[in-house]
Every structure is written in C-alpha cells, then in structure tokens.
Amino acid sequence: MKITQISVFLENKKGRLYEVCSLLGKNNVNIYALTIAETESFGVLRIVVDKSDLAVKVLKQNNFVANITEVVAVEVADQPGGLAAILKILVNNDISVEYMYGFVEKFSDKAILVFRFEDTDKAQKVLIGNDIKIVTKKEIEDL
Amino acid sequence: MIWNEKIETMEPRALKDIQSDRLKKLVAYIYKNCSVYKKKFDDAKITPGQIKSIDDIKRLPFTVKEDMRDNYPYGLFSASPKDLVELHVSSGTTGNPTLVGYTKDDIKLWSDVMARTICCAGAEPGDTIQIAYGYGLFTGGLGFHYGAMEMGLKIIPTSSGQTSRQLKIMRDFSPRILACTPSYCLYMADEARDMGLNPADSSWKIGIFGAEPWSASMRKEIQQIWGMLATDVYGLSEIIGPGVAQECKYQDGLHIFSDVFFPEIIDPKTGQEMPPGKDGELVITTLTKQGIPLIRYCTRDVASINYEKCRCRRTSPRISKIKGRTDDMIIVRGINVFPSQIEHVLLGIEGTHPHYQIIVDRQAHKLDTVEVLVEVDEKIFSDEVKKLHEFEERIKMEIEGLLSIGVKVTLVEPKTIQRSEGKAKRVIDKRIL
C-alpha cells in the first residue's frame with residue numbers, strides 16, 4: 001500500500017532543480033508530486049513519479065545522490081476540514097508526521113496528500129482502520 | 001638594549017666553540033638517557049665520541065614529528081618524567097598528541113630566550129607588556145610571560161579574546177608592547193573603530209607577532225593603522241615555544257638564538273645543506289635543553305638563512321620570514337591544522353569515507369574562518385533534513401573538539417569537490433596575507 005518517493009540531495013545552486021527535472025523529462029518520467037525542504041546551504045527534493053526505478057537509475061547515473069523513501073498517499077475530501085479530519089485520526093492515535101505535501105494531479109473529486117511518517121506501518125494500519133482511502137502504487141503508476 | 005650582550009654579540013668563532021662544546025655534551029647526554037635516540041644513533045652507526053665539533057652535526061640523524069608521536073608520551077625524552085615541571089600538549093596529526101615537557105632549567109632557558117626576544121623587538125626595562133596570546137596548553141601566552149618576568153616588565157596577561165576588554169585595558173594602563181597573532185591585531189583595529197577609538201592613538205608602539213604566517217603587506221597595514229613597529233617572532237613548541245628567533249628594529253630577518261637552537265637549512269629531498277640565502281627546510285638542534293632535547297628536528301617550515309652581522313650588533317644568524325611549509329599543515333588562528341586530522345574525524349564517523357575539502361579564508365581584518373565541505377554519499381543521505389543537520393553538527397563537534405577552533409561544515413553534492421589526478425585537493429587557502 002505504501003508508495004515510493006524519491007529524495008534527491010541538491011545544493012543551493014542555480015539550475016540544479018532544472019537539471020533534475022529536465023533529466024527526468026528526457027527519460028519520460030512524469031512527476032506527480034513535488035516538495036523541497038530547503039536549508040541555508042542545501043535542499044532535499046522529494047518527488048513522486050510514475051517510474052520510480054528508472055528515475056533513481058538516471059539520477060544516480062548523473063551523479064545525484066538519490067534514495068527511495070516509503071510514504072503513504074491518502075485520499076482526502078477536497079473540501080473545508082478534509083485534511084483536519086485525517087490529522088485528527090493521526091493525533092488521536094499518537095502518530096507523528098515527519099513531513100507532508102499535496103499531490104499535483106487530481107484523478108477524482110478528492111485531493112491526494114503524501115505523508116512521511118515516523119512509523120509508516122502503524123500509520124497505515126490506523127488509517128485503514130478508520131476507512132481512509134490509501135492510494136496504491138499501482139494506482140499511482142496508472143495515473 | 002641587548003638582553004644577553006655577551007652571547008648575542010659574540011664573535012662567530014667563539015660562538016662556534018660554544019656550540020661545539022654544547023653539541024658534544026648534548027649527544028653524550030641523549031645517548032645515555034634516551035633509548036629511542038640511542039637506537040637512532042646505533043642504526044646510523046654514530047657514537048658520541050665521533051662528534052667533535054658543531055660541523056659534525058651533519059653526521060647525526062634527523063628527527064621528525066612522527067618520532068614524537070610514535071614515542072608518546074615520554075619515549076623521546078632524555079630527562080626522567082619526575083624532573084619535569086611543566087607539560088604542554090598539542091593535538092597531534094593523527095592519533096597521539098604531541099607532548100613537550102620542561103625541566104626547571106628548561107624553563108630558565110625559555111625565560112632567557114624570551115627575554116632576548118622581547119628585548120630584540122625593542123622593549124626596555126620599565127615597559128609594560130600586554131600578552132594577548134592564549135595562556136594554557138598553547139605555548140604562546142606562558143612563553144611571553146616567562147620572558148617578560150625575566151626582564152622585569154610589568155605584565156598584563158590578558159590572554160586571547162575579549163577584544164573590547166583588551167582595548168579598555170590598553171587605554172587604562174598604556175602598555176607600550178603588545179604580543180599577539182598579527183591577524184588578531186588587525187581584528188582589534190576594527191573593534192577599536194566600532195568603539196569610537198582611533199587606533200593611531202593607541203599606547204602600543206611595538207608589536208611582537210607570530211604563531212601564524214603573515215606577509216609584508218600585513219605588516220605595513222598594522223604599522224600604518226596602529227602607528228607601531230610590527231616585529232615577527234618565530235618558535236614552535238617542539239623546540240621551546242616562542243623564543244627561537246625574533247626580528248630586531250631593522251626588520252631584516254629574524255635573529256635565531258643559535259647558541260642554544262642551532263639552525264640548518266636543508267634541501268628536504270636530499271637532506272643536504274642549502275647555501276645561505278637559498279630557501280630550504282629549517283632544521284633545529286636544541287643544544288642545551290634537558291627535558292626533550294631534539295637532534296636536527298625537521299620543522300617543515302621553509303626559510304633561508306643569512307650569516308652576516310646585523311646593524312643592531314647582534315652576530316647571531318638571521319632566518320627569513322617563514323615562506324611556506326614542506327607538508328600540508330595550515331595554521332589557523334595560531335593553531336596548527338593538518339588535513340589528516342579532519343580526515344581522521346570523518347573516518348571515525350561510522351560508515352563514512354567521504355571526499356572533503358577544507359577552505360580557509362580571512363575577510364579583511366577578520367579572524368580566519370574554516371569551512372569543511374563534505375560530499376554527501378548514499379550512506380549519509382537522508383530524505384529528512386534534520387538527519388542531515390545532525391550529521392553536519394556531529395562532524396562539526398568532533399572537529400572542534402579535536403582542534404579547538406570553530407569550523408563550519410557544509411554538505412555538498414557528490415563529485416563537486418575538485419580533483420586533480422584523481423585526488424581531491426584537500427585545502428584551499430583563500431587568505432590574502
């Protein structure tokens with residue numbers, strides 16, 4: 001049920017994000033979701049793509065440090081209080097969110113959010129137990 | 001004045017007799033008391049009896065820093081540890097630190113050469129000296145302290161740092177002599193201006209600067225800004241600390257106290273003596289030290305030597321300003337740093353063998369900064385920024401713990417550190433001295 005996120009180390013230098021995106025574009029990899037955590041000197045780019053294995057391979061071939069992280073993509077009602085409802089479940093079950101971000105593409109009237117949990121398995125179990133729809137890897141690839 | 005008139009203005013021939021006599025006694029003393037040196041001599045097939053004059057020094061084996069490290073703590077000492085009255089320890093290149101120890105007579109020797117040094121810079125009895133070298137395991141502060149005591153000067157032992165306090169003390173007590181690192185002196189000028197003071201109004205008329213490389217242009221700047229004579233002092237803890245050589249008011253080379261610290265300039269590749277005026281590695285033999293006397297110690301400092309008599313009447317030879325190093329050591333804020341130390345820290349952190357680069361820089365009138373670039377590899381990398389920060393912080397703490405200087409650690413992308421012939425260039429020194 002978990003999906004794959006690719007994390008890439010980027011120095012704060014002009015053009016680095018472009019280089020990653022252009023590399024993926026050339027290899028016909030589509031980016032569905034993206035977020036950057038930035039610090040004074042470097043940033044970590046996190047992306048969800050349609051072809052994770054290929055993306056990691058080409059990034060490494062081009063001297064980027066990239067790794068794969070398991071994250072959980074969740075469907076959320078695209079309306080006021082949609083995210084709050086999910087977060088309430090997490091809070092009540094004492095689950096910490098390391099970081100989260102939204103999906104670029106919508107494939108229904110619902111929004112998709114990507115969560116990185118400290119304890120992914122536990123979070124997933126709790127979410128399923130509360131009838132929250134988790135997006136599968138296959139669904140992502142088929143987008 | 002000249003502190004030790006008799007020795008410092010002695011005819012070269014008479015000086016040579018003293019050096020010869022001292023070398024003979026030194027070799028016999030070391031051979032008898034230090035098994036490490038005895039083995040070195042035996043391996044070189046040299047017996048003390050074969051050393052008849054100072055010219056025979058060329059037959060003796062060299063000593064290098066690794067000898068001190070490998071025989072840590074007391075292996076290279078000739079005196080018994082119970083006869084030592086003071087120890088100074090510096091961080092070593094890798095593994096063991098470097099230990100030097102002084103007997104009571106060694107402290108007397110240090111006091112004498114430091115009194116010669118401070119006099120040579122132009123101090124007179126009755127002067128007040130502000131000693132802004134660090135006091136502690138670093139030999140700078142205490143060495144100056146002993147010399148100034150010997151001379152009977154009034155000492156203000158401010159040690160390093162606390163700049164606004166240094167300046168207030170200078171205004172309140174009008175010391176004529178300042179001893180500190182040259183970069184700190186320039187740094188204090190900016191601080192003085194920030195406090196609304198004019199550096200040219202300062203009481204300091206003579207500066208005794210050393211413990212780090214500095215150039216003619218830095219000297220000019222210091223002299224202009226502060227209105228003082230800026231002189232160069234040379235020393236290293238292995239030999240004694242500060243007090244090995246010092247410039248007189250003519251600023252034309254540093255008088256080396258060759259009756260006790262015998263200098264040679266050698267070609268580091270062949271070990272052969274270089275002619276006067278030609279650059280080579282400075283090699284020093286401590287002729288009278290008791291605790292840890294060293295034979296032909298290779299300082300790794302590059303200099304030339306001049307045997308002509310100086311206008312100041314001193315007959316001791318003069319070494320040039322230190323022009324560089326024969327190894328990759330860098331000096332940052334008076335502290336010796338070897339790239340291997342930083343490598344050691346990185347290797348010690350579990351699972352990392354990253355490429356790194358040390359960037360040393362100095363903004364105008366600011367203290368030296370050290371930045372360590374570390375290439376991120378897959379083992380280090382995490383999607384969580386806080387883990388990357390923790391990694392940076394850990395490297396920083398370990399380096400700072402080892403070297404006692406602040407550093408900035410920056411993670412960089414792989415293969416971005418410049419490599420030449422497959423090897424990364426370890427140090428980029430951007431300082432304009």
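In strand β14 of chain B, Ile319(B) is the bridge partner of Ile305(B). Everything described here comes from a predicted model.

Zooming out from that pair, there is an open sheet of nine strands in chain B, with mixed pairing and the order β4-β3-β5-β6-β7-β8-β9-β14-β13. Its edge strands are β4 (154-156) and β13 (305-306) of chain B, and each of them pairs on one side only. As background, strands of a sheet pair through backbone hydrogen bonds, and they can do so in either a parallel or an antiparallel way. Elsewhere in this sheet, strand β6 (residues 206-209) of chain B and β7(B) run parallel and are joined by four bridges. One of the residue pairs here is Ile208(B) with Thr231(B), the latter sitting in β7(B). How much of strand β7 (residues 229-236) of chain B is buried? Seven of its eight residues are, so to speak, tucked away, and the strand counts as mostly covered.

Two helices of chain B also come up against strands of this sheet. Helix α5(B) lies across β3 (128-131), β6, β7, β8 (241-247) and β9 (254-256) of chain B, and it runs at about 30° to β8(B). Helix α6(B) packs on the sheet too, touching β3, β4, β5 (177-180) and β8 of chain B, with a direction that makes about 65° with that of β8(B).

These helices meet each other as well. Two packed helices are described by the angle between their axes and the distance between the axes. For helix α5 (residues 104-121) and helix α6 (residues 139-151) of chain B, the angle is about 80° and the axes are 7 Å apart. That angle falls in the range of 65 to 115 degrees, which makes α5(B) roughly perpendicular to α6(B). On the α5(B) side, the residues that meet α6(B) include Ile107(B), Trp110(B), Met114(B) and Ile118(B). On the α6(B) side, they include Phe144(B), Tyr146(B), Met149(B) and Met151(B). Sorted by class, the residues of the contact of α5(B) with α6(B) come out as eleven nonpolar, four polar and two charged.

Chain B has another open sheet, this one of four strands in the order β10-β11-β12-β15, with antiparallel pairing. Why do β10 (261-266) and β15 (324-325) of chain B stand at the edges? Each has a single partner strand, so one side of each is left without a neighbour in the sheet. For β10(B), six bridges join it to strand β11 (residues 280-286) of chain B, and the two run antiparallel. Within β11(B), Leu282(B) is the residue that stands opposite Ile265(B).

Is Ala192(B) buried or exposed? A residue is buried if 20 or more other C-beta atoms lie within 10 Å of its own, and Ala192(B) counts as buried because it has 23 C-beta neighbours inside 10 Å. Setting aside its neighbours within four places in sequence, Ala192(B) is in contact with Leu167(B), Leu197(B) and Pro199(B). Gly348(B), in turn, is 156 residues away from Ala192(B) along the chain, and 42 Å separate their C-alpha atoms.

On the scale of domains, chain B is divided into domain 1 (81-326) and domain 2 (335-429). Taken over C-alpha atoms, the centres of these two domains of chain B are separated by 31 Å. Nine residues from domain 1 of chain B and eleven residues from domain 2 of chain B take part in the contact. The domain 1 side of chain B has four nonpolar, four polar and one charged residues there.

Chain A likewise has an assigned domain 1 (3-69) and domain 2 (71-141), with C-alpha centres 22 Å apart. Eleven residues of domain 1 of chain A are in contact with 14 residues of domain 2 of chain A. The largest share of the domain 1 side, five residues, comes from β2(A).

Finally, the two chains touch: 13 residues of chain B are in contact with 14 residues of chain A. Strand β20 (residues 408-412) of chain B gives the largest share of the chain B side, three residues. By class, that chain B side has six nonpolar, one polar and six charged residues.

Methods
Residues are numbered from 1 along each chain as its sequence is written. Chains are lettered from A and ligands numbered from 1 in the order in which they are written. This is a predicted model: local features need pLDDT of at least 70, side-chain atom pairs count only at pLDDT 80 or more; totals for chains, interfaces and linings use all residues. A residue is buried if 20 or more other C-beta atoms lie within 10 Å of its own, exposed if 12 or fewer, and partly exposed in between; C-beta atoms are placed from the backbone. Two residues are in contact if their C-beta atoms, placed from the backbone, lie within 7 Å. Domain bounds come from an automatic or database domain assignment. Ala, Val, Leu, Ile, Met, Phe, Trp, Tyr, Cys and Pro count as nonpolar, Asp, Glu, Lys and Arg as charged, and the others, Gly among them, as polar. Axes are lines fitted to C-alpha atoms, for helices over the stretch in contact, and angles run from 0 to 180 degrees between N-to-C directions. Angles under 35 degrees count as roughly parallel, over 145 as roughly antiparallel, 65 to 115 as roughly perpendicular and the rest as oblique. Two strands pair if DSSP finds at least two bridges between them.
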